[in-house]
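Please examine the sequence and the three-dimensional view shown here before reading on.

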Amino acid sequence: MLDVRLPIGWLFLVLGVMLAAYGYANPPAESLLLGQVSLPLNLDVPWGILMALFGLAMVSLAQMDKLKVLEAQLQESKTASPASSSDAN
Amino acid sequence: MKTGLVTAQPIDYAVILIYFIFVLGVGFKLKKNMKSSDDFLLAGHRIPSWVTGLAFLSANLGAIEVMGMAANAAQYGIMTCHFYWLGAIPAMVFLAVFMMPFYYKSKIRSVPEYLRKRFNEPTRALNAISFAVMTVLMSGINLYAMAIVFKLLLGWDMNASIAVAAMVVLAYTITGGLTSSIYNEVLQFFLIVFGLLPVSILGLLRFGSWSAICERFDNPGFAHLWKEIGTIHNPMGVDMIGLIGGLGFVLSFGYWCTDFLVIQRALAAEDLRGARMTPIIAAFPKILFPVLTVLPGLIAIILIPKLGSNNDDLSFNMAIPYLLAVMYPNGLFGLGITALLASFMSGMAGNVTAFNTVWTYDIYQSYIAKNKSDAHYLWMGKLATAIGIIISVGTCYLCMNFKSIMDYMQLIFTFFNAPLFATFLLGMFFRRTSPWGAFYGLLGGTLAAVVHYILTLQHKLHYMSEMAGNFHRSVVAWTVCLVLTITISYLTKPKAVEELRGLVWGVDEKGGAVAAKTSVFASPGFFGVILLALTAYLNYLFF
C-alpha cells in the first residue's frame, strides 16, 4: 500500500520551493514589525526552505524504507535459491 | 461580488490548487486497495501507529479546534488551555491504558457494537442512532466555518465554497474510504502546523516574551489557569465543580474515551499495542497545541481589540483568519488559508467516515438488511458517505443560526457524550451493570441534559456563561445516568460471567493468548506517566 510519507513529502517539497521562489522574486514592500524594530525579513523564503527540507526528509525516509524492504527480499531470495538449486540436483 | 479583506495573488490560489490535487491523488491512489467493506470502513486494520496517532489528533483538529479554541482564548484567556491540560491529556492517557484493550480485543467494528456485546441490542441502537445524528450535526460546523472565513477574507460566495469543499471531501472519502481519510488527516496535520505556526512565532517576536504579552491584557485573569478562579477576574465564570467535574472529567473523558470518531482511528492500527499507543502518540503533540490555537487567540485580542463586538465580521471566531490577513505576506497567506481549509476538511471527513461505519454496520446491517453480501455493504458504505456529506451541507445551513461554534458543539456533547461516558465506565469496570440498567440509564441521562437545557433557556437555571452552563449540564447528565444505571442494574438481571469475557475489567478472556512481555519503558502506561507529569508541570507554570 501507499507509504503516506511520499505524498506528504512531495507536497511539502513542491509547496516549499514555490513559496521560497515566489518570496525571492517578490520581496515585500514593507518591513516586518518585530517589537520596537522593523526588519526587512522576507518570510516566504525561510519558511519555504524549511517546508522543502521537511518534504525532502519525508521522501528520503520513505525511500530508505523501500530500499530496506528490497534488500530484505533480495537476501531472502538469495538464501532460498541455493537450497532450491541443490534440491533440483 | 463583495470583495474580501485580502487581495489574494495567483501564488495563494496555486497553493490551494496543489493541495487539492494531492488530497484527491491520495484517494485515487488508494482506490485499488478498497476491495471489501472492511477495507473501506475499517482500513483493514493495517495502519502503523504513528499514522493512526496523528490521524487521531487531526480528525478532531477541525474548525472547532482551530477556530473555536482561538475564539475561546480571545474570549476567556489562557483558561482555554484547561481543554488540553485538564481535559484532553488525562483522558487520552486513560483511554490508552485502561479502555483501549477492551475496545481492540473484543474485535468490535464500532463503539455501538461494544454496547451490543456488553449489554443488549436496544442500548446499541440508542447509541448508534444518537451518534449518527451527532456526527452529521458536527460535520456541518466545518463547512459553515470554512464558508464564512472565505467569504470575509476573500469575498468568495458561501454556497460555492461549501459546494467545492463538500465535493472534494466526497471524492477522496468515496474512493479511498477510511484509509484515504486517515492518510489525508496526517497530511492535513502537517499542513496545519506549518500553516499556522508562523502566527504564533511572529506574535511572540513582536511582543518579545510571554510576560510582555500578559502585561497587555485588560483582565489579569487572562494570564492564569487557576489563580483567578475564586475572584472577580475569572473570565470564564466557571467554578471548581464545573471546571474539574464538568470539563476535566465528564466532557473530556466522555469525548476522548467514547466518541467513535476518535476510537475508529485507533482501531485501524495493526495490533493491540499500536491501538494503545495511538492516543499516547497523539497526546505528545496535543500538549503543545495551545501554541497553535490558544496563543493566536490571545495575540488577536491584543492586536484587534474590537474583536468580539456584536458584529459577524468581528466575532471571536475570526481571530485566526484575521491574524493571517494582517501578518502573512502573499504566498504564506495561501499556505495559511490552505491550513484552515485542511482543518475544515479533516474535521468533516472524520465525521463522515465515522458516520458511514455506524450507519452501515450498526443500523443498516443490523436492522434493515441482514445477511447480504460484503459487496452490498461496501456499496452501502459508499452510499452512506455520499448521503452523510449531503446531510452535512444541510446541517451547515442550520449552524448559521448559532452565534458561537464552541458553545454549539459543547451543547451537543452534553446531550450525547456526557451520559455515554457513565455507561462505558460502569460497563467496563462494574460487572454487575445489567443490560437494561445501561439502556435506561443512558436514556435517562440524555433526557436529563435536555430538561436541564430547557430550564436554562427558560431562565430557571442561571449560569455566568454559556460554557459554565454546559459544564454543569454535563455533570448532571453523567450523574443521572450513573445513578439510574446502578439502581436499575440491581433491580434487573445481569449478564452471565461467561458472556462478559474480554469485555469487562477482571473477567479475562477464555484461553486468551498471553500478551508478549514488553519492557516497562515501552509500555503505554510509562508514556502516560510522562504525559501526566508534563501536564502537571504546565499547570504549575501557568498557574
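The paragraphs below treat confidence, salt bridges and surface patches in turn.

This is a predicted model, in which local features need pLDDT of at least 70 and side-chain atom pairs count only at pLDDT 80 or more, while totals for chains, interfaces and linings use all residues. Residues are numbered from 1 along each chain as its sequence is written, chains are lettered from A and ligands numbered from 1 in the order in which they are written, and side-chain values use heavy atoms, with hydrogens and water left out.

The predictor's confidence in each residue is given as pLDDT, on a scale from 0 to 100. Chain A has a mean pLDDT of 82, and 78% of its residues reach 70 or more. Helices (H or I, at least four residues) and strands (E, at least two) are DSSP runs, numbered from the N terminus.

Side chains of opposite charge can pair when their charged atoms come close. A salt bridge is a side-chain nitrogen of Lys or Arg within 4 Å of a carboxyl oxygen of Asp or Glu. Over all chains, the structure holds eight salt bridges. One of them joins the side chains of B:Glu65 and B:Lys286, at 3.1 Å from N to O. This pair links distant parts of the chain, 221 residues apart: B:Glu65 is in helix α4 (residues 63–76) of chain B and B:Lys286 in helix α12 (residues 272–288) of chain B. Is B:Glu65 buried or exposed? B:Glu65 is buried, because its relative accessible area is 6%, and buried means under 20%, exposed over 50% and partly exposed in between (1.4 Å probe, protein chains only). B:Lys286 is likewise buried, at 2%.

Another salt bridge connects B:Arg124 with B:Glu121, whose closest N and O atoms are 3.4 Å apart. These residues are separated by about one helical turn because they stand three residues apart in helix α7 (residues 121–154) of chain B. B:Arg124 is buried, with a relative accessible area of 4%, whereas B:Glu121 is partly exposed at 34%.

The surface also carries patches, made of residues with over 30% relative accessible area and no salt bridge; like charges are joined within 9 Å, and nonpolar side chains (Val, Leu, Ile, Met, Phe, Trp, Tyr) within 5 Å. B:Trp379, B:Leu383, B:Ile387 and B:Ile391 form a nonpolar patch with about 340 Å² of accessible area together, areas being computed by the Shrake-Rupley method with a 1.4 Å probe and, for residues, with only the protein chains shown as cover. B:Leu383 lies in helix α16 (residues 374–399) of chain B and counts as partly exposed because its relative accessibility is 32%.
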